[in-house]
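Open the model in your viewer and keep the selection tool ready. Each stop on this tour names what to select and then says what is there.

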Amino acid sequence: MQKLLCRFIAATTLIACSSAAMAAADGFFIHAKVGWAQSDYSNSNFDYMTASSIHNDGLTFSPSLGYQLNPNFAFELTYLDWHTDVDNIALSTNPEKVTSLRNGSVNNYSLDLSAKAMLPLDHGIGLFAKLGAAYVQSIKSGGLNNATLGADYQNIYALRPITTLGVSYDVNETTALDLGATHLYAGSGIQSADFTYIGLAHHFG
């Protein structure tokens, strides 16, 4: 993934130096992103859990629908899935007398509405920052879905802040490339998560 990101940055810089691109058109746009997602779960996030094998990261696809008001401001609605596998679970003695659980998973499905501020620079390159609220469904499955062990083993639904920082390149009035990093903030029983991505946007104008 790191090599892919480096190649993207190099290609974007080369194109920017060789030609001046037109700014992306205002109006509706769709935005497809692919990248590496990582959540921040550990044994300490689950009551009675003494050990497990937790796999917090993986490749993820994220679609968005947005509306650009002008070259400096837009809104974007984004869907994202952070997936965590929890295997080889070991529990201490607890009030419910449960001493072991089969493998399970946590899926944090988020839908966020964010305001996007953009700073156009030369040759079609620009910087952007997004700030929004994400509705997160933290769904426990498999052995982790065990309500008798308490709230940590039940599904959670909450609103959480979410931010994104990145750099973009306007290929022409309808097409833009971007590289960004998204952070979902922990709270209300939901752990923090990060998504680093390469994106392609199409503007309808």
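Start with the rings. Select Y41, F46 and Y153: ring pairs link these residues into a cluster. This is a predicted model, and a search of the whole structure finds five aromatic pairs.

Next, select F28 and Y67. The two rings form an edge-to-face pair, 4.8 Å centre to centre with 70° between the planes. F28 lies in strand β1 and Y67 in strand β3 (residues 57-70), so the pair ties together parts that are 39 residues apart in sequence. F28 is partly exposed, at 48% relative accessible area. Y67 is partly exposed too, at 35%.

Move on to F73 and F75. F73 has a relative accessible area of 29% and is partly exposed. F75, at 37%, also counts as partly exposed.

Now look for charges over rings. Select K33 and Y197: the charged end of K33 sits over the ring of Y197, 5.9 Å from its centre. Then select K116 and F128. Here the charged end of K116 sits over the ring of F128, 4.6 Å from its centre.

Go to the largest nonpolar core, which has 17 residues. Which of them touch the most other members? Select W82, A134, V136, I162, L184, I190 and F195. The elements that give two or more residues to this core are β1 (27-39), β4 (73-91), β6 (125-142), β7 (156-170) and β9 (193-203). A second, separate core has twelve residues, including V86, L91, V98 and L149.

Centre the view on I162. Beyond its neighbours within four places in sequence, I162 is in contact with several residues, among them W82, D112, A134 and L184.

Two backbone stops follow. Most residues other than glycine have a negative phi. Select N88 in strand β4; its phi is near 55°, a positive value. N88 counts as exposed, at 56% relative accessibility. Then select H123, in the loop between β5 (104-120) and β6. Phi of H123 is near 60°, again positive. H123 is partly exposed, at 42%.

Finish by colouring by confidence. The protein chain averages a pLDDT of 88, and 88% of the residues score at least 70. Where is confidence lowest, and where is it highest? The lowest mean, 48, is in helix α1 (residues 2-18), and the highest, 97, is in β7. Over residues 12-21, pLDDT stays under 50. Where pLDDT is low, the predicted coordinates should not be read in detail.

Terms used: Residues numbered from 1 in each chain as written. Predicted model: local features only at pLDDT ≥ 70, side-chain atom pairs only at ≥ 80, totals over all residues. Heavy atoms only, no water. Core = buried A, V, L, I, M, F, W, Y, C linked by side-chain atoms within 4.5 Å. Buried < 20%, exposed > 50% of the residue type's maximum accessible area, 1.4 Å probe, protein only. Helix = DSSP H or I, 4+ residues; strand = E, 2+ residues; numbered from the N terminus. Contact = heavy atoms within 4.5 Å. pLDDT = per-residue confidence, 0-100. Phe/Tyr/Trp six-rings, centres within 6.5 Å; stacked < 30°, edge-to-face > 60°. Lys NZ or Arg CZ within 6 Å of the ring centre and 35° of its normal.
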